[in-house]
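The sequence and the structure come next, and the text follows them.

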Amino acid sequence: MALSSSFFSHSKIDHIGKKTVWNGAELCNKLIVRNRINNLIKDWSFIRGSRVLVKQKVMRLSSYRKPSPVYTSLLSGSQIASTAFTIGTTSVLPFYTLMVLAPNSDLTKKSMQSNVPYAILGILYAYLLYLSWTPETVELIFASKYLLPELTSIGKMFSSEMTLASAWIHLLVIDLFAARQVFLDGQENEIETRHSVSLCLFFCPIGILSHVITKAMTRTIKENKQDF
């Protein structure tokens, strides 16, 4: 009987010990969960939302995202427009330099008689025009009810860098062609054209006007000399 009673007492003690250990572990788990809930409540603001720690995690995740195809295409288009702008601008400068600094040299005369620069710039312009063309381009050009362009629609069309680059090449070609005509007319009629050619590079209509005035003044001076 003593042996059996001791056995039952030991089993009872073990059961109580296990129950105590289990209650202690459960209490620890509850404390851990409560601490986590308290930390979450502290890190949360009903005005600002989650704090900077959460935002930093979101920013880290977003920073590793791959760039979208749309962003890549826009970047490559911007690079093409910038490169075309630089190439077009630098390609016309030698011709203006020859016409201003060496107007009577054989190299300048041969260069001005060549149509190669206009063909190259024309191909570059056509390529940029192709890249910048969208289904809305025609609607923007003929925006008014009289099928005429409007200032607001043209401004919207030129909001694209590719369209701006194509327009710049367009201006370079026209300005160089006008400067060449001024130069050739000056060579034929023995008129000073360096100032007019320089104006054609930046202000083409003013350069043409300058040449017209210079030509009229030169003719008047020659006629007065003949009278004397």
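A residue is called buried when its relative accessible area is under 20%, exposed when it is over 50%, and partly exposed in between. F142 has a relative accessibility of 42%, and therefore counts as partly exposed. The structure discussed here is a predicted model, and every value below was computed from it.

F142 lies in the loop between helix 6 and helix 7, the latter spanning 151-157. When residues up to four places away in sequence are not counted, F142 touches L147 and L148. I154, which is 12 residues from F142 along the chain, has its C-alpha atom 9.5 Å from the C-alpha atom of F142.

The chain as a whole contains 10 helices and two strands, and, read from the N terminus, its elements run α-β-β-α-α-α-α-α-α-α-α-α. Of its 228 residues, 23% are buried. The chain exposes about 17,500 Å², of which carbon and sulfur atoms supply 67%. Among contacts between residues at least 6 apart in sequence, 61% join residues at least 24 apart.

In soluble globular proteins, nonpolar side chains tend to be buried together. In this model the largest nonpolar core has 23 residues, and those with the most contacts inside it are Y96, M99, L128, L176 and V197. Helix 3 (69-101), helix 5 (116-132), helix 8 (161-189) and helix 9 (194-202) each supply at least two residues of this core, and helix 8 gives the most, with nine residues. L128, one of the residues with the most contacts inside the core, is in contact with I80, A84, M162, A165, S166 and I169 once its neighbours within four places in sequence are left aside.

Which residues line the largest pocket? The lining consists of Y125, L129, S132, W133, T137, I141, M157, F158, T163, S166, A167 and H170. Helix 5, helix 6 (137-141) and helix 8 each supply at least two of the lining residues.

| Property of the largest pocket | Value |
|---|---|
| Volume | about 180 Å³ |
| Nonpolar lining residues | seven residues |
| Polar lining residues | five residues |
| Charged lining residues | no residues |
| Lining residues from helix 8, which gives the most | four residues |

Conventions
Residues are numbered from 1 along each chain as its sequence is written. This is a predicted model: local features need pLDDT of at least 70, side-chain atom pairs count only at pLDDT 80 or more; totals for chains, interfaces and linings use all residues. Side-chain values use heavy atoms; hydrogens and water are left out. A nonpolar core is a set of buried Ala, Val, Leu, Ile, Met, Phe, Trp, Tyr and Cys residues joined through side-chain atoms within 4.5 Å. Buried means under 20% relative accessible area, exposed over 50%, partly exposed in between (1.4 Å probe, protein chains only). Contact means heavy atoms within 4.5 Å. Accessible areas come from the Shrake-Rupley method with a 1.4 Å probe; for residues, only the protein chains shown count as cover. On a 1 Å grid over the protein atoms alone, a cavity is a set of points where a 1.4 Å probe fits but cannot get out, and a pocket is an open set with protein on both sides within 12 Å along at least five of seven lines; lining residues have an atom within 4 Å of a point. Grid points are joined across faces, edges and corners, and a volume is the space filled by probe spheres set on the points. Ala, Val, Leu, Ile, Met, Phe, Trp, Tyr, Cys and Pro count as nonpolar, Asp, Glu, Lys and Arg as charged, and the others, Gly among them, as polar.
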